[in-house]
Amino acid sequence: MTVVAFKPRLPGEGPWRAAELKQIVDGLAAPLNDGDAGGWDVGVTEVGDPQFYLLGRPPQDECLLCISRLGRLYVLEDGRGRVLFEHNSLLVLAEQARTVLRKKKSQIAARVALVWCAIRQAFEEKLDAVAIEGEELLTHVVPQLGVLA
Amino acid sequence: MQFARAAPEAKELRRRAGAWLKELRGRAGLSQIQLAERLGLKYYTFVSQVENGFGRVPTESMEAWARALGVKPAVFARRLLSFYEPELHRLLFEVKE
């Protein structure tokens with residue numbers, strides 16, 4: 001009988017384990033369910049380190065956040081290669097990922113509010129100018145109408 | 001008014017961009033780790049993210065990528081634009097006056 005000796009896989013090696021993936025997906029359930037993220041995918045680096053990609057909404061499906069495992073370390077990056085966080089606990093990292101997404105969302109909301117205020121202010125200024133013009137017109141026309149009457 | 005339907009193929013184009021970058025890196029004889037070192041990245045994982053077609057090379061670092069891969073920055077940026085912003089590329093370089 002031939003016995004094949006399998007090399008036991010070390011904790012920080014190989015593709016994502018089901019438990020790890022579950023932790024990540026559970027940790028990011030809120031943005032996935034709320035529609036802030038469109039889905040997720042996985043991949044590997046050239047040397048086999050696993051990566052998890054949190055994707056934006058279709059049709060672009062661009063990477064919002066990327067979690068990679070390098071040895072025992074988990075690294076959180078955005079879609080532009082900025083390292084946002086690194087930790088050896090996936091739970092802590094997923095929490096951080098949620099925080100990053102929440103911040104992004106509130107930044108977008110703040111920008112929308114700012115644009116809205118600017119539009120409103122510009123509209124009100126125009127409206128004020130029209131009203132003043134109208135008033136001036138009335139102050140000129142009314143006395144003349146009075147004379148005519 | 002007619003809008004160009006660039007979006008549905010965005011994912012596929014990013015994947016093609018990634019394959020092209022991987023080919024360039026291979027020609028330059030660099031590993032993902034070595035390229036990341038040349039780009040001054042802390043980890044090499046972003047190179048993989050881009051090559052796998054999920055991320056984009058940011059505009060501000062296109063020149064560094066081009067030089068690290070031994071390509072002229074203008075040629076590099078123009079080719080990437082054809083993947084990332086095909087409609088803009090078409091208007092800039094393909095539409096004749």
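How many residues does the contact take from chain A and from chain B? The contact (heavy atoms within 4.5 Å) takes 27 residues from chain A and 22 residues from chain B. The model is predicted, so that local features need pLDDT of at least 70 and side-chain atom pairs count only at pLDDT 80 or more, while totals for chains, interfaces and linings use all residues. Residues are numbered from 1 along each chain as its sequence is written, and side-chain values use heavy atoms, without hydrogens and water.

Between them, chain A and chain B bury about 2000 Å², this being the accessible area (1.4 Å probe) lost by two parts on being put together, summed over both. Of this area, 49% lies on carbon and sulfur atoms. The two chains are joined by 4 salt bridges, each with a side-chain nitrogen of Lys or Arg within 4 Å of a carboxyl oxygen of Asp or Glu. One salt bridge pairs E62(A) with R56(B), whose closest N and O atoms are 2.5 Å apart. On the side of chain A that touches chain B, at least two residues come from each of β1 (39-44), β2 (50-55), β3 (63-70), β4 (73-78) and β5 (83-87), strands being DSSP runs of E with at least two residues, and helices runs of H or I with at least four.

Within chain B, helix α4 (residues 62-69) and helix α5 (residues 73-84) pack at an angle of about 115 degrees, their axes 9 Å apart; axes are lines fitted to C-alpha atoms over the stretch in contact, and angles run from 0 to 180 degrees between N-to-C directions. Among the residues that meet here are W65(B) of α4(B) and F76(B) of α5(B).

Key: Chains are lettered from A and ligands numbered from 1 in the order in which they are written.
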